[in-house]
Amino acid sequence: MAGPCDGLVVLDFSWGMAGGLATAVLADFGSEVIKIEPPSGDPFRNHPAWLSWNRGKKSAVIDLKNAAGREQAQRLAAQADVVIETFRPGVTQRLGIDYATLSSINPRLVYASISGWGQQGPLSQVPGYEGAIAAKSGRMMDFSGQMNREGPAYSAVQVATWASSQAAVRGILAVLLSRDTAGRGQWVQTSILQNMIPYDLAGLMMRQLSRKDPKKFSPGSLGAAIRLPMLQYIPVRTKDGQWLQHANLMDRLFRAYLKAVGLGWVLEEELFKRAPILNHEAREALRELILNRMQERTLAEWIQLYVEDGNIAGEPYRYAVDGMKHEQFVHNHHAVEIDDPRVGKLTTVGLIAKLSDTPGQVGGPAPALGQHTAEVLGRAAAKPRAVAAAAPTANGGRPLLEGLTMLDFSMVIAGPYAAEMLAEMGVRVIKVDATPEREQTISTGGGMAPMNMKNHAGKEAIQVNLQSPEGQNIIHQLIAKSDILLHNFRPGAPQRLGIDWETCSRINPRMIHVYVGAYGATGPHHRRPGAHPIPGALLGGALRQAGRGNPPPPDQPMNLEEIKEVSRLLMRANEGNPDPNTSQAVATSIMMALLARARSGRGQAIEVTMLQGNAWANADEAYDYAGRPPYALPDEQCFGLNALYRLYPAGEGWVFLACVFDREWQAFCRAVGRADLLADARFASAAARREHDAQLAQELGKIFAARSSEHWEQLLTAAGVACVQADSSVGKFLEEHPQAAANGMTAEVESPRFGKYLRHGAIIKFSAAPPRLLPGPFPGEYTVRVMQELGYSADQIAEMRARGVIYWEEANPLPGA
């Protein structure tokens, strides 16, 4: 079926998951993706999910280490629209496929680089494994305490790899949008390190706020809040020993849950009447009541009750393959089956989003090595297509998406952060909040919530009463002038508020209308609420993070204290990544629709679900075929996956070692002065090392215990081995480490309310367009300004505020007031 990228030719020089997922999305939506591989193939072809990442692509073997191969690649680039690569900085120059070389041949080429650590900085040449990057940048320290031991814990879901893939796609599509008017392409740069930014929910802000006001924002208070197992998000054990995750964040949903499970009576008790806002004593007493009550029915019985009720968010803990069998996942066609000649029927993730007019289509099986070499080299021998002359500048030095306007009605993180990422590229985002009397009032959290200072950075916050005809009229005027509308209301609410697709498209046929929800707009679960713990539990991320052996098997007897401990562990494992995972899919789908509109002149409706966004984020496990290997899970204490990809306590501090290939193992042994390990039969080959993994971990543990983490990082990174310190918090790394500074991971901004502070930097760098990095707004900060743009007078604005049609805080008075 037609896709936004129909007719585009993409040369994929990437290896591994990040580039694989980026070009999979481009292929799904119509691009012809040609994977250029060395004679030995992509080194990650042996990964069992490689077949999933590379569906719908072509493979051509070109040896870039000789002059003939480099010439062939350059001739192909002359005919291509996009090049994507994942080499360490400097490698492409040696291979003759760097941006400077290829753009001189084809000025319209869009060139995307996904590096591990960024293009600059002291760590840029360290092998770019996500484990090492997560450890160094502080993400693993965020999990400290999960396993009731000291030190960091392994971060199991490859979230920054997923986010970097979509950052590359967004950047590519943004340059493609500008290319026809600008006359040339650009170099799009992103990295796994930069894409740790989406998963720092508030660490950078809390570190700064704790310095400004240590009483109100005490150091570690955010971590304590996150570690506390909220009753709204409580994991419970059922009668049949299964584990069920809840996500009833709003007070009304939590109270509806209590009533549905037969605990409504507690709301009449003095101790619990303000639930879920309770003191410690009341909270823990209610926790025990809930955990005991949930053991009175089976998982199936509770789920049936929840679906029939329609207002309770809860799903079982599952690994990805089982989660993909959920009836809503099946209804949405989120999984597809591909007949693969190597493994037979391959089940894998389907399209990243549902686009109404340009839906795209998942292609056939991943190619055999060199399957299309003759065809592709035939093109290289042909006369290159004509390339238009390049304009002297890309876009006059403005952000690439300047001139586009989005209305953002979404709440919490998944939708708002998607809008923020587009604001970084220049989209004007008007954040529409309700007036204060509504429950969903001011998702900007009074401007004080550290997470929301990030999620709404660069937006213009207004407050409008959408329940009133006058408020809806204001919004309809904005719809007529805007390009994108984003919301995450449950089905039925947009129609009541006058912001549904039919209304928007009637007012503005060019409008791109985006719905992001937990389950989707149709199907057996479409009425149900959801929040990040739902896809975290259902699509495997939380169980991966919990480590092997957690939770205990269903037939193992457990007392209440044991159940409370596993509930705590599961909630810590089910951290916030499903929200920003979904944000990536939302932002990518919007860019796809913008590209389609540039061709057709028409807008369209988009539906993105948290289920599908998180299936993609778990793409290294979200696949199935006969004989599928077991899940790759961390050990019981969450140190890592194996002896050569895990955390170790050093003589002082912690290190993370990522030693994946034989050459890296050999370099490690030489660097630490243990050549004897190379001769040891237990460790002489990859297969032998797997067989004797526990013994190898013991040997390495002794080595690391002898010196400090700083010593090992200096020694081993100099030897080309990814071994890094794992001692830092995220905020400290962002503020103080030269690698963060070299890649612009923070930027100073100034807020009229909070003064100067550091916000997160841009995730994508363009060679000829700056980002737009602005502070977060406070509620209603731009209400007056936007109303004036619509032509309302000062008297009209004041009168509408008095009647509750619009609102702003008194700190933002009318001009001259």
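**Entry 1: the model.** I am working with a predicted model.

**Entry 2: strand E14.** I looked up strand E14, residues 428-433, and asked how many of its six residues are buried. Five of them are, so E14 is largely enclosed by the rest of the structure.

**Entry 3: the partners of E14.** I then looked for the strands that pair with E14. Strand E13, residues 405-408, pairs with E14 in the parallel sense, over four bridges. For one bridge I noted the residues: Met406 has Val429 in E14 as its partner. Between E13 and E14 the chain passes through helix H17, residues 414-424, and this β-α-β crossover is right-handed. Strand E15, residues 459-464, also pairs with E14 in the parallel sense, here over five bridges. I noted a bridge here too: Val432 is partnered by Ile462 in E15.

**Entry 4: helices H8 and H25.** Next I turned to the helices. Two packed helices are described by the angle and the distance between their axes, so I looked up both values. The axes of H8 (residues 159-182) and H25 (residues 578-600) come within 9 Å and cross at roughly 15°. Angles under 35 degrees count as roughly parallel, and that makes H8 roughly parallel to H25. I also checked the hand of the H8 and H25 crossing, which is left-handed.

**Entry 5: residues between the helices.** Which residues of H8 meet H25? I list part of the set: on the H8 side, Val159, Trp162, Gln166, Arg170, Leu173 and Leu177 are among them. The H25 residues they meet as a group include Asn581, Gln584, Thr588, Met591, Met592, Leu595 and Ala598.

Methods. Residues numbered from 1 in each chain as written. Predicted model: local features only at pLDDT ≥ 70, side-chain atom pairs only at ≥ 80, totals over all residues. Heavy atoms only, no water. Buried < 20%, exposed > 50% of the residue type's maximum accessible area, 1.4 Å probe, protein only. Helix = DSSP H or I, 4+ residues; strand = E, 2+ residues; numbered from the N terminus. Pairing = 2+ DSSP bridges. Right-handed = clockwise from strand over helix to strand, strands pointing away. Axes fitted to C-alpha atoms, helices over the stretch in contact; angles between N-to-C directions. Parallel < 35°, antiparallel > 145°, perpendicular 65-115°, else oblique. Left-handed = near helix turned anticlockwise from the far one by under 90°. Contact = heavy atoms within 4.5 Å.
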